[in-house]
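Subject: Model for you to look at, with notes

Dear colleague,

Please find the structure below, together with its sequence.

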Amino acid sequence: MKVYGLTGSIGMGKSTVAAMFRRAGVPVFDADAEVHHLQGPGGPLLPAIEARFPGTTGRKGVDRARLGAAVFGNADARKALEAIVHPAVHARRKRFLQRHRACAFVILDIPLLFETRGDRRLDGVIVVTAPAWKQRRRVLARPGMTAAKFRQILNLQTPDTVKRSKADYIIHTGTTLARTAAQVRGLVACLGRKTGR
């Protein structure tokens, strides 16, 4: 089984592309979805998060606004949160790989793939990209997003140009959904041929 990473900066359309891979029959591990589950109502990480960041959890799980306020712009707090979350996500990813070990290939959807050096343990990396103006328009259309917050997020992420230079495959989403889907189908066929299936 081959393991490919899927990544892209905020607003590039990575979630849309991940859904297209799923529709094409490719197992996709969604790191963000796992985090939401781990931090949701009754989630196993709630006690540790509440102990480190008091007042950020409740019956509905993590209060994302409060936790975000506690860690945003604070490198030490962010590292403390990552030390709680990352091992749990890693354990779930390991189970995902075991469950799909008979597949020709799988995809790990990891937003901060390069930032966490996760690309070193993969058979290849797929980067989702779009023009900067389209990225900005998409992100600023999100509820509660501001230009200042967008800039801060970008400063924490590896620049798109660097991601593209490190990519083995690139999916462009600055076009129509139909054309993006065609790129995904073509890549699925290509990766299938590489594994001999």
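This is a predicted model: local features need pLDDT of at least 70, side-chain atom pairs count only at pLDDT 80 or more; totals for chains, interfaces and linings use all residues.

Residues are numbered from 1 along each chain as its sequence is written, and side-chain values use heavy atoms, with hydrogens and water left out.

Helix α5

Helices and strands here are DSSP runs (H or I of at least four residues for helices, E of at least two for strands), numbered from the N terminus. Helix α5 covers residues 75-99, which makes 25 residues, and its first and last C-alpha atoms are 35 Å apart, close to the 36 Å expected at 1.5 Å a residue; the expected span is 1.5 Å times one less than the number of residues.

Which residues of α5 are buried? They are A77, A80, L81, I84, V85, A88, V89, R93 and F96, with buried meaning under 20% relative accessible area, exposed over 50% and partly exposed in between (1.4 Å probe, protein chains only). These buried residues pack against β2 (28-30), α2 (31-39), α3 (46-52), α4 (64-71) and β5 (105-109). H86, which is also in helix α5, is partly exposed, with a relative accessible area of 39%.

How α4 meets α5

Two packed helices are described by the angle between their axes and the distance between the axes. The axes of α4 and α5 come within 7 Å and cross at roughly 125 degrees, and the two helices are therefore oblique to each other. Axes are lines fitted to C-alpha atoms, for helices over the stretch in contact, and angles run from 0 to 180 degrees between N-to-C directions; angles under 35 degrees count as roughly parallel, over 145 as roughly antiparallel, 65 to 115 as roughly perpendicular and the rest as oblique. On the α4 side L67, A70 and V71 meet A77, R78 and L81 of α5, contact being defined as heavy atoms within 4.5 Å.

Q39 lies in helix α2 and counts as buried at 7% relative accessibility. Leaving aside neighbours within four places in sequence, Q39 is in contact with L46, I49, G61, V62, R64, L67, L81 and V85. P44, in the loop between α2 and α3, counts as exposed at 53% relative accessibility, and P44 touches L38 and R92 when residues up to four places away in sequence are not counted.

The loop between α7 and α8

Q157 lies in the loop between α7 and α8, and T158 is placed in the loop between α7 (147-156) and α8 (160-166). Q157 counts as buried at 15% relative accessibility, and T158 likewise counts as buried at 15%. The side chain of Q157 reaches the backbone nitrogen of I10 at 3.1 Å. Apart from neighbours within four places in sequence, Q157 is in contact with S9, I10, L112, E115 and K163, while T158 is in contact with S9, F114, E115 and K163.

Most residues other than glycine have a negative phi, and most peptide bonds are trans. R117 has a positive phi of about 60 degrees although it is not a glycine; R117 sits in the loop between β5 and β6 (124-129) and is exposed, with a relative accessible area of 52%. A167, in the loop between α8 and β7 (169-172), is in contact with V125 and V127, again leaving aside neighbours within four places in sequence.

With kind regards

Methods
A polar contact is a pair of N or O atoms within 3.5 Å; within protein, one must be able to donate a hydrogen and the other to accept it, and residues adjacent in sequence count only if both atoms are side-chain atoms.
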